[in-house]
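Me: I have a structure open and would like to learn how to read it. Could you walk me through a few features?

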Amino acid sequence: MSLSPAERYRALRRDIDAAARAVHRLPEEITLIAVSKTFPPEAIQGFYDAGVRDFGENYVQEWAEKQQRLPEDIVWHMIGDVQSNKTRQVAEHAAWVHTVSRAKIAERLAAQRPADLPPLNVCIEINISGEAQKHGIAPSDAAELAQRITDLPPLRLRGIMCVPSAAEESIVRAQMQAAQALYRDLQAQGFALDALSMGMSGDWRLALEYGTTHLRIGSALFGHRDYAIALP
Ligand SMILES: *Cc1c(COP(=O)(O)O)cnc(C)c1O
């Protein structure tokens, strides 16, 4: 890709804003999270210099090393699975975690959140496709976990997150519709949710139709990922 980070970011943001308006959504209600897993601090700094502040990372160890070398006002979103022995880095350095699917992890994050920081923003990861290899909990278990998280003051429950299947459009639509229905159902049950974290490089346009508030976009900004760099 020959465009600069600033040009790529502005072009994508323009496309998102236009697509949002086309489905009667307000562009300012859509947060674009730049997913930087496998990319070095220099690449992240390039987007930071272009004005991006929200970045998403998947692997705690990789992120911890990069985070130390980057500006402190980055709003870090943990979007990968968090093991219980890796919660401290998330509690101390993330603004958001999108992937809570167990009460035990929520309790550790709450216990480890420094008292001088604002509450950690939390989304519950929902396994919306029902595929066994996918992370997240079943939709029917979401309300109980939402209550557990709501009862932990160092955490602020914001919404739900999902990764629909990379499948034909009708299947993706059905999964996104199910996620939106669950989100609205939890709101109707009294949970004050304002985040539906859904949509990646390949499906963000569809996600806008189904109420997404947080798009998590990696390759459309950073280019092709080489997992050999980051994976242990
Ligand atoms: C990697 C990743 C993304 C970004 O994926 P792209 O297809 O590169 O946009 C978004 N969400 C999650 C959970 C991811 O793991």
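**Around histidine 77**

Reply: Gladly! Leaving aside residues up to four places away in sequence, histidine 77 touches Ile33, Asp54, Phe55, Gly56, Glu57, Trp96, His98 and His214. Keep in mind that this is a predicted model.

Me: In which strand is histidine 77 placed?

Reply: Histidine 77 lies in strand E3, which covers residues 75-78.

Me: Is histidine 77 buried or exposed, and why?

Reply: Buried means under 20% relative accessible area. Histidine 77 has 2% relative accessibility, so it counts as buried.

Me: With which side chain does the side chain of histidine 77 make a polar contact?

Reply: Its partner is the side chain of aspartate 54, at 2.7 Å. Aspartate 54 is also among the residues that histidine 77 touches.

Me: How far is the C-alpha atom of histidine 77 from that of alanine 115?

Reply: Those two C-alpha atoms are 19 Å apart, while the residues are separated by 38 residues along the chain.

Me: Let's turn to cysteines. How many disulfides does a search of the whole structure find?

Reply: The search finds zero. Take cysteine 123: its nearest cysteine sulfur belongs to cysteine 162 and is 10 Å away. A disulfide needs two cysteine sulfur atoms within 2.5 Å, so cysteine 123 is in no disulfide.

Me: Are cysteine 123 and cysteine 162 buried or exposed?

Reply: Cysteine 123 counts as buried because its relative accessibility is 0%. Cysteine 162, at 1%, counts as buried too.

Notes. Residues are numbered from 1 along each chain as its sequence is written. This is a predicted model: local features need pLDDT of at least 70, side-chain atom pairs count only at pLDDT 80 or more; totals for chains, interfaces and linings use all residues. Side-chain values use heavy atoms; hydrogens and water are left out. Helices (H or I, at least four residues) and strands (E, at least two) are DSSP runs, numbered from the N terminus. Buried means under 20% relative accessible area, exposed over 50%, partly exposed in between (1.4 Å probe, protein chains only). Contact means heavy atoms within 4.5 Å. A polar contact is a pair of N or O atoms within 3.5 Å; within protein, one must be able to donate a hydrogen and the other to accept it, and residues adjacent in sequence count only if both atoms are side-chain atoms.
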